[in-house]
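Please look through the sequence and the model shown here before reading on. The report after them is written for a reader who is new to protein structure.

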Amino acid sequence: MIETSELTTMEDPYIIKHGVIHCGLPNLTSRMPRTTTKAISNFFLSYILNYDEEGGFENMLIRKNEMKQSLYMYKGRHTKRSSVTVSDLRTTISIF
């Protein structure tokens, strides 16, 4: 594994290492808090509005693949093999 990230500045936000373009701006969202808040709110609003129609959180996880794919822990158990393999942790895969 090759570590290629490093912090950058707003004046020079990108670096190229090993042919890969990186943007290493620390806490970029803090520079645009209103825009970030609106983007996050708009993203989650559709899920919140459909919460009742889907029959609750667990049903949303079962029916919506994008929700299932974004879940890394559920009820204290790891759900992604990739995250536990790197950390050498115990996993309970395929809880749904």
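What follows is a short report on the fold, the aromatic pairs and one threonine.

## About the model

This is a predicted model, in which local features need pLDDT of at least 70 and side-chain atom pairs count only at pLDDT 80 or more, while totals for chains, interfaces and linings use all residues. Residues are numbered from 1 along each chain as its sequence is written, and side-chain values use heavy atoms, with hydrogens and water left out.

## Overall fold and surface

The protein chain has four helices and four strands, where helices (H or I, at least four residues) and strands (E, at least two) are DSSP runs numbered from the N terminus. Along the sequence these elements come in the order β-β-α-α-α-β-β-α.

Of the 96 residues in the protein chain, 21% count as buried; buried means under 20% relative accessible area, exposed means over 50%, and partly exposed lies in between (1.4 Å probe, protein chains only). The protein chain exposes about 8000 Å², of which carbon and sulfur atoms supply 55%, and such accessible areas come from the Shrake-Rupley method with a 1.4 Å probe, with only the protein chains shown counting as cover for residues. If we take the contacts (heavy atoms within 4.5 Å) between residues at least 6 apart in sequence, 5% of them join residues at least 24 apart.

## Two aromatic pairs

The structure holds two aromatic pairs, a term for rings of Phe, Tyr and Trp (its six-membered ring) whose centres lie within 6.5 Å, with planes under 30 degrees apart called stacked, over 60 edge-to-face and the rest tilted. The ring centres of Phe43 and Phe44 are 4.9 Å apart and their planes stand at 85°, so this pair is edge-to-face. Phe43 is partly exposed at 47% relative accessibility, and Phe44 is partly exposed at 44%.

Phe57 and Tyr74 make a stacked pair, with 6.4 Å from centre to centre and 25° between the planes. This pair links distant parts of the chain, since Phe57 is in helix α2 (residues 57-63) and Tyr74 is in strand β3 (residues 73-74), 17 residues apart. Phe57 is partly exposed, with a relative accessible area of 35%, whereas Tyr74 counts as buried at 13%.

## A buried threonine

Thr8 lies in the segment before β1 (14-17), and at 8% relative accessibility Thr8 counts as buried. Leaving aside residues up to four places away in sequence, Thr8 touches Pro13, Ile15, Cys23, Gly24, Leu25 and Pro26. A polar atom of the Thr8 side chain lies 3.3 Å from the backbone nitrogen of Leu25.

Technical notes. Polar contact = N/O pair within 3.5 Å; in protein donor to acceptor, adjacent residues only side chain to side chain.
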